[in-house]
Amino acid sequence: MAVLTNAPRGTQDLLPAQSGRWQYVENALLRTAELFGFHEIRTPVFEHTELFQRSVGDTTDVVQKEMYTFEDKGRRSITLRPEGTAGVVRAALQNGLLGGALPLRCCYVIPCFRYEKPQAGRLREFHQFGVEVFGPSSFDADAELISLCYEICGALELKGLKLHLNSIGCKECRQRYYEALRAFLRERESGLCDTCKSRMAKNPMRVLDCKSPECQQAVKGAPVMLDYLCEDCAAHFEGLKRRLSLLHIDYVIDPRIVRGLDYYTRTVFEFVSETIGAQGTVIGGGRYDGLVQELGGAPTPALGFAMGLERLLMQMEASGAEFPEANRCDLYIASTGEAAQQKALELCTALRQEGFIAECDCMGRSVKAQMKYAGKLGARYSAVLGDNELQSGGCTVKNMDDGSEHTLSLDGFTDSIYRLLLEGVYNGIIDAEPAIK
Ligand code: ATP
Ligand code: MG
């Protein structure tokens, strides 16, 4: 039976102590994407089930096994989004965005839902940063997309990811490949899992992506798509490789990458970690030239990628990336007595209006207990207000790091504190940059 205080399996709470890291990462991702011309798009957490069946593909693991699908009270079949692209294409079509200026570039940070076996790096609710580009058919856009991944790694000091690159061709050249692959699989059919047996005819490439050990064994030595590319697809792939060399982006050709979603065409790529274990794919992306049309729009080439934020953070932690320190409380004002408490509240309000983090007591605790709390908070400065201070018109402000004390007049207190705090920040900068004279 579900326990009231246990979150559902495969979900995680993001606690206050960790949220600063996530905010830092999300801001860096959105900012780096902005440098490439991306703007954020927000679409609903749930969509009509059919949208995912049509776009992700009804022979994929995601649709066949992993979707959170339910009937709502209006008897519609609804699905919590397992990925971000389908919703973005739907929104672009519904809002006429593809009739405007192209390329259209959008990005998002979203929770996604997949009913999977939870393990390290594999959750049922996880988060993705994703980008989508609509309009360009040229390999220049593929190179730029990969360049964005590369710049993100730089911005986040993300080390140890390797770019794996492949092409899975277009609808036309894939037919010839499918025949060869089916012939190969037919000989090994008895060794395949039941799902693969049934989807082999319709979509044999899905078998290559199946996670079951027996299928992974059976597909060893299977023919690879790269040997079957048509002239245009081969030229596209060569062009992309040239651009990557120009940008000094290293890659390995990996013919085993087929991607788990049906909508991909031509370029597919992954950024894979060698350090965070079996769930090592941090970024997955590629082209999906047929998807807009599949969903009822005019033919529009498109491409994108998504990165798993939980895996991204795991990789950052594993590779020793630095995270900024959380902002500390600038001043804690302890007080005793009603008049002093009012004063503390007024002073806190004034400081907050200047952009400083200020706290005072709202628990009715003793000064000693308030100071203990200030210590736990890690406040930079503290002050104590009581009747004496109110009468004398001055109070002592203590630097909690080095114990030094300053006596400040309560007249113009906010200004004095303002200077003290800024001086602290200023000193911090001088300390960090001794070269500045
Ligand atoms: P995998 O092969 O690991 O199942 P996938 O091919 O299903 O990944 P995509 O649909 O391409 O994954 O999603 C893009 C990224 O989202 C992945 O590379 C990964 O970082 C992340 N991701 C996918 N599924 C999960 C999950 N269940 N839990 C955590 N992250 C995930
Ligand atoms: Mg998967």
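Modeller: P103 is placed in the loop between α4 (85–94) and β5 (104–113). The model is a predicted one.

Colleague: What makes the bond that joins L102 and P103 a cis peptide bond?

Modeller: Its omega is about 0 degrees, and the bond joining L102 to P103 is accordingly a cis one. Most peptide bonds are trans.

Colleague: Why does R380 count as buried?

Modeller: The relative accessibility of R380 is 16%, and buried means under 20%; R380 therefore counts as buried. This arginine is found in the loop between α14 (367–377) and β14 (381–385).

Colleague: What joins the side chains of R380 and D330, and how do you know that the term applies?

Modeller: The two side chains are joined by a polar contact of 2.7 Å. The cut-off for such a pair of N or O atoms is 3.5 Å, so the term applies.

Colleague: Why does H248 count as exposed?

Modeller: H248 has a relative accessibility of 63%, and exposed means over 50%; H248 therefore counts as exposed. H248 lies in the loop between α10 (231–246) and β8 (252–253). Its phi is near 60 degrees, a positive value in a residue other than glycine.

Colleague: Is R266 buried or exposed, and why?

Modeller: R266 counts as buried, because its relative accessibility is 17% and the limit is under 20%. R266 belongs to strand β9 (residues 265–273). Although R266 is not a glycine, its phi is positive, at about 50 degrees. Most residues other than glycine have a negative phi.

Colleague: Which residues come nearest to ligand 1?

Modeller: Of the 14 residues around ligand 1, the nearest are R114, E116, R122, L123 and R259. A polar side-chain atom of R259 is 2.3 Å from an oxygen atom of the ligand, and one of R122 is 2.9 Å from an oxygen atom of ligand 1. L123 places a backbone N or O atom 2.8 Å from a nitrogen atom of ligand 1. The protein covers 93% of the 580 Å² of accessible area that ligand 1 has on its own.

Colleague: Which residues touch the most other members of the largest nonpolar core?

Modeller: Within this core of 98 residues, they are F129, F134, F269, F305 and L312. Helix α5 (residues 139–155) gives the most to the core, with 9 residues. Beyond its neighbours within four places in sequence, F129 is in contact with residues including L29, Y108, I152 and F305.

Definitions and conventions
Residues are numbered from 1 along each chain as its sequence is written. Chains are lettered from A and ligands numbered from 1 in the order in which they are written. This is a predicted model: local features need pLDDT of at least 70, side-chain atom pairs count only at pLDDT 80 or more; totals for chains, interfaces and linings use all residues. Side-chain values use heavy atoms; hydrogens and water are left out. A residue is near a molecule or strand if one of its heavy atoms lies within 4 Å of it. A polar contact is a pair of N or O atoms within 3.5 Å; within protein, one must be able to donate a hydrogen and the other to accept it, and residues adjacent in sequence count only if both atoms are side-chain atoms. Accessible areas come from the Shrake-Rupley method with a 1.4 Å probe; for residues, only the protein chains shown count as cover. A nonpolar core is a set of buried Ala, Val, Leu, Ile, Met, Phe, Trp, Tyr and Cys residues joined through side-chain atoms within 4.5 Å. Buried means under 20% relative accessible area, exposed over 50%, partly exposed in between (1.4 Å probe, protein chains only). Helices (H or I, at least four residues) and strands (E, at least two) are DSSP runs, numbered from the N terminus. Contact means heavy atoms within 4.5 Å.
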